[in-house]
Amino acid sequence: PAMLFVQVTTLLAYGCPLQAIVAAFDLDERTVADGQRMAGHHCQAVHMELVQHQQMELQHVQADEIKVKSQFGPVWMAMAIMVSTRLWLGGVISEKRDMQLIQALVAQVRLMALCRPLLFAVDGLASYIKAVQQSFRSPLHTGKQGRPRLIAWPNIVLVQLLKRRQQRKLTIERRIVQGSQALVQRLLRTSRGGNEINTAYIERLNAIFRQRLSCLARRSRALTRTPDSLIAGLYLVGTVYNFCTWHESVRLPLYVGHRGRVSWVKRTPAIAAALTDHRWTVAELLMFNVPTTYHPPQRRSRPKKIFCQCGLT
């Protein structure tokens, strides 16, 4: 039934163990896993339609990677967040923590970014520097033949937060790889991203995903079985977080009365990013009709003969 499917999907999106759902609703474990996979693929289509295909002024983006335990070996998952609205921008999964993983994540951010000042905060992984510098470029068309020249976007700031632990002491180094200190402070202030360079917001988002996906927990026996189920769980949790969950840090104060009493207006990350005007329910998310792209049918008949003036074909 539809209501049972919505209830089970809601429990899965908020981290309820699979065995608890099986025991509570008297379902088969494979049925619940198939339902999670179906809901995750639908949420992936919703995310691509409403988030990845939108052009936004991101201002401040933070990115990080998580190591995932699976039956076929360790898997790496990279994610990014828009700090000003706490919007989850997407995630990429790869078997290795290499340049291809970082390039795929930065390419997703590049599709959603307007050519505006942008602060990109990452950890000490050196692959981010080359990936950001290569992705945030646009072709300069001059009318000449050949491949156009790629021009780097102006005001792209790249910062790194390096953490080193030596002799039980944690040292933190904040480094500006590209950009000026004045632009860094301005973007931190306008995006409400703190007073200094940090990656706290993506780490908090990682904690939410670790809480709601058992295979991401640091010390647990839960393993993901296939990459397909991991991607489904990733987009299910991320889309529910964006559209169905109130976020206290993006709420707005509403002053009521002459005494200046404050009544807070709740918002979700999707409302803060102007992607929707209300908080979605999980049922509304699952029943959202994703528009399909129309592809005209290909012509398979033989091409018509073209006759010249001399009568030859």
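Colleague: Does F136 count as buried or exposed?
Modeller: In this predicted model, F136 has a relative accessibility of 2%. The classes are buried (under 20% relative accessible area), exposed (over 50%) and partly exposed in between, with a 1.4 Å probe and protein chains only. At 2%, F136 therefore counts as buried.

Colleague: What kind of model is this?
Modeller: Residues are numbered from 1 along each chain as its sequence is written, and side-chain values use heavy atoms, with hydrogens and water left out. Local features need pLDDT of at least 70, side-chain atom pairs count only at pLDDT 80 or more, and totals for chains, interfaces and linings use all residues, the model being predicted.

Colleague: How do the rings of F136 and W153 pair?
Modeller: Rings of Phe, Tyr and Trp (its six-membered ring) pair if their centres lie within 6.5 Å; planes under 30 degrees apart are stacked, over 60 edge-to-face and the rest tilted. The count by this rule comes to six aromatic pairs. For F136 and W153 the centres are 5.5 Å apart and the planes stand at 75 degrees, so the pair is edge-to-face.

Colleague: How many residues apart are F136 and W153, which link distant parts of the chain?
Modeller: Helices (H or I, at least four residues) and strands (E, at least two) are DSSP runs numbered from the N terminus. F136 belongs to the loop between α5 and β5, and W153 to the loop between β6 (149-152) and β7. The pair links these distant parts of the chain across a separation of 17 residues.

Colleague: Does W153 count as buried or exposed?
Modeller: The relative accessibility of W153 is 9%. Because that value is under 20%, W153 counts as buried.

Colleague: What type of aromatic pair do W280 and F288 form?
Modeller: W280 is buried, with a relative accessible area of 6%, whereas F288, at 23%, counts as partly exposed. Their ring centres are 5.4 Å apart, with 35 degrees between the planes. The pair is tilted.

Colleague: Which residues of helix α5 are buried, and on how wide an arc do they lie?
Modeller: Helix α5 covers residues 127-135, and its buried members are S127, Y128, A131, V132 and S135. The arc is that of the directions from the helix axis to the C-beta atoms. The five named residues are on the same side of α5, because they cover an arc of only 120 degrees.

Colleague: Where is the place of N155, another residue with positive phi?
Modeller: Phi of N155 is near 60 degrees, again in a residue other than glycine. At 43% relative accessibility, N155 counts as partly exposed. N155 has its place in the loop between β6 and β7.

Colleague: Which residues is N242 in contact with, leaving aside its neighbours within four places in sequence?
Modeller: N242 lies in helix α8 and, at 0% relative accessibility, counts as buried. With neighbours within four places left aside, the contacts of N242 are H47, R86, L87, W88, T268, P269 and A270.

Colleague: What is the C-alpha to C-alpha distance between V32 and A232?
Modeller: V32 is found in helix α3 and counts as buried at 3% relative accessibility. Leaving aside neighbours within four places in sequence, V32 is in contact with V8, L12, L18, I21, V22 and L27. V32 and A232 are 200 residues apart in sequence, while their C-alpha atoms are separated in space by 13 Å.

Colleague: What share of the contacts with a separation of 6 or more comes from residues 24 or more positions apart?
Modeller: The chain has 10 helices and 10 strands, and its C-alpha trace spans about 90 × 60 × 55 Å along the principal axes. Of its 313 residues, 40% are buried. Among contacts with a separation of 6 or more, residues 24 or more positions apart account for 62%.

Conventions: Contact means heavy atoms within 4.5 Å.
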